[in-house]
Amino acid sequence: MKNRFVIENSFFGKYQNLVRKKMIPYQRKVLDDAVPGVEKSHAIENFRIAAGLSEGEHYGWVFQDSDLGKWIEAASYSLMLEPDPELEADMDALIEIIGKAQMEDGYLDTYFIIGRQDKRWTNLQEAHELYCTGHMLEAAVAHYEATGKTSLLDIMEKNVEHIINTFGKDKKRGFPGHPEIELALVRLYKLTGKEKYLELVKYFVDERGTEPNFFEAESKERGWTVWRSNALDQKYTQNHAPVREQKDAVGHAVRAVYLYTGMAGVAMETGDKTLIDACHTLWKSITRKRMFVTGGIGSVDNGEAFSADYDLNNDTAYSESCAAIGLIFFAKKMLEMEKKSEYADVMERALYNTVLGGMSLDGKNFFYVNPLEVNPEYAGKVMNYLHVEPVRPSWFGCACCPPNIARMLTSLNRYVFDETEDTLYNHLFIGGELDLADGASLEVKTGYPYDGNIVYTFNGDYNRNLAVRIPDWSKSFRIELNGVEIKPEIVDGYAVIKAPFAAGDEVKLILDMTPRKIYPNVLIRDDEGAVAVQRGPFVYCLEGVDNDGELRNIRIPKNAEIKVLDFEPETLEGIVPLEVDGVRLTSSESLYSYDSRPTETAVKLRMIPYYAWANRGVNQMQVWTKEI
């Protein structure tokens, strides 16, 4: 099944090729324990054991199955980009194993099938059964869309039927400790049109946060635990209030945005205004008070969680890669509900900075945590910094992020455009070709993200409006139709160029790529008196390798000139660096000095896009720099 939009842009085309040719094969080997020297996964072997094809014990996290689900999803999207008979056959073989592992009643979770069958569905708070179902269900939908085969879809529909027979108002009470199945069920409903799937996700959404506290009652009954989680900490699992009454984004950040994505999906399908309002409230909580400038979310290591408004600490930031991906999911669902540029602005910010920053340029090393400041003297060594890595590891025991990044990048085609009955909306500026509903097509050519020129050429007549996003970072813009400047109406951040369009018509959007200083809200204590720099979608950072190693004594004058340097194709696989007039402070060797101010030396500072840091060895990095 062909994607309606085919990416041909050199920037993301490069990334999609990297995922297809290197990341997916590499991750496949890791999941099968075939890469020496990296953290053992055992995910595929767990399924073989559950299927009776191997002997042994379950190995890994309680949610280890989900890594294989995400890999199959990423591989399915890869098939949509380019056919690969060998990859497809490999997936067929894996799906056959998954089918053999499934129990007769439809249950599917290797952690419990291998030696814990008496405990299944007794620990929804901790055991991630519904979470694993969600990821394998997403994989099943993607696999069907890519191949037309129902092999995995049949397995997962049987699994969901088992869940429907288990949970509900007149059955067993429950909902996921780790949301994911909610957004997956919405996808299954949209694919099949079967109302029972929408009813199940509505039940999970509506039951969450109701009294009595389900997780507390469950913990008293089950007599066993995975992590000794506190069932009374209801905010951690977004269980502290019914979802329509929740006012702040709280708890585990990935769980939160997966839940909110599911909520937005239900709201879109049902038109439930109370749920729509709840999504707006939670969106504002994240993006106006609890999001890093890089689009990362989740401030603290303790619980991988949100903390409090404006608590956006740079050097201990958690900012998990999966959380940024979940925020993109949430943003896209909000965009589908209402076309407002703020959702696409956040989607772009998270994508170009935290998601891309979560992987190395060679696609074989990954960040779980994405801080905005790193000192290798502290990172991974000093208490409070033990979660911070100065370079990307090759894999993790808890490996949720690498396959999540793979599925995000291979499915990126789905985030660029939305077509309604009267308007085509362009959310992300990526070159390629789009098949249009009226039988025409649209060619997009651009040097973005390095320059701000985007050219849309219609091949065939098209009778719908074209709405292009005007990013929040672009101070000015120009739009031309067939070489003549026009002044279209701006509606909710989109410039709407009115239909009809004839074959050969060309629309050109010219964005202002002048670097801009970003100033933080005065309530963000960690950024007091500091400034960040952004050009286009990229937040920039200082890296020690470019700036004589030490960054802590660097300052940027308030009137500093920011110079855009030429594109450097050989540096970090192609970047546009910036040069900034700076000051280096020097003090005496004393820890404290009476009456002696630091001396100032003028320096030229070199800045690179944040996503590209930590690809040149161990060194310091910082996004926010004090002004002087």
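Helix α11 passes helix α12 in a left-handed crossing, meaning the near helix is turned anticlockwise from the far one by less than a right angle. This is a predicted model, with local features needing pLDDT of at least 70 and side-chain atom pairs counting only at pLDDT 80 or more, while totals for chains, interfaces and linings use all residues. Residues are numbered from 1 along each chain as its sequence is written, and side-chain values use heavy atoms, leaving out hydrogens and water.

Back to the helices: the axes of α11 (residues 253-270) and α12 (residues 273-289) come within 9 Å and cross at roughly 150°. Axes here are lines fitted to C-alpha atoms, for helices over the stretch in contact, with angles from 0 to 180 degrees between N-to-C directions. Helices (H or I, at least four residues) and strands (E, at least two) are DSSP runs, numbered from the N terminus.

Now for the sheets. Strands count as paired if DSSP finds at least two bridges between them.

| Sheet | Strand order | Pairing |
|---|---|---|
| Open, seven strands | β1-β5-β6-β7-β13-β9-β10 | antiparallel |
| Open, five strands | β3-β4-β8-β12-β11 | mixed |

Strand β9 (residues 477-481) pairs with β10 in the antiparallel sense over three bridges.
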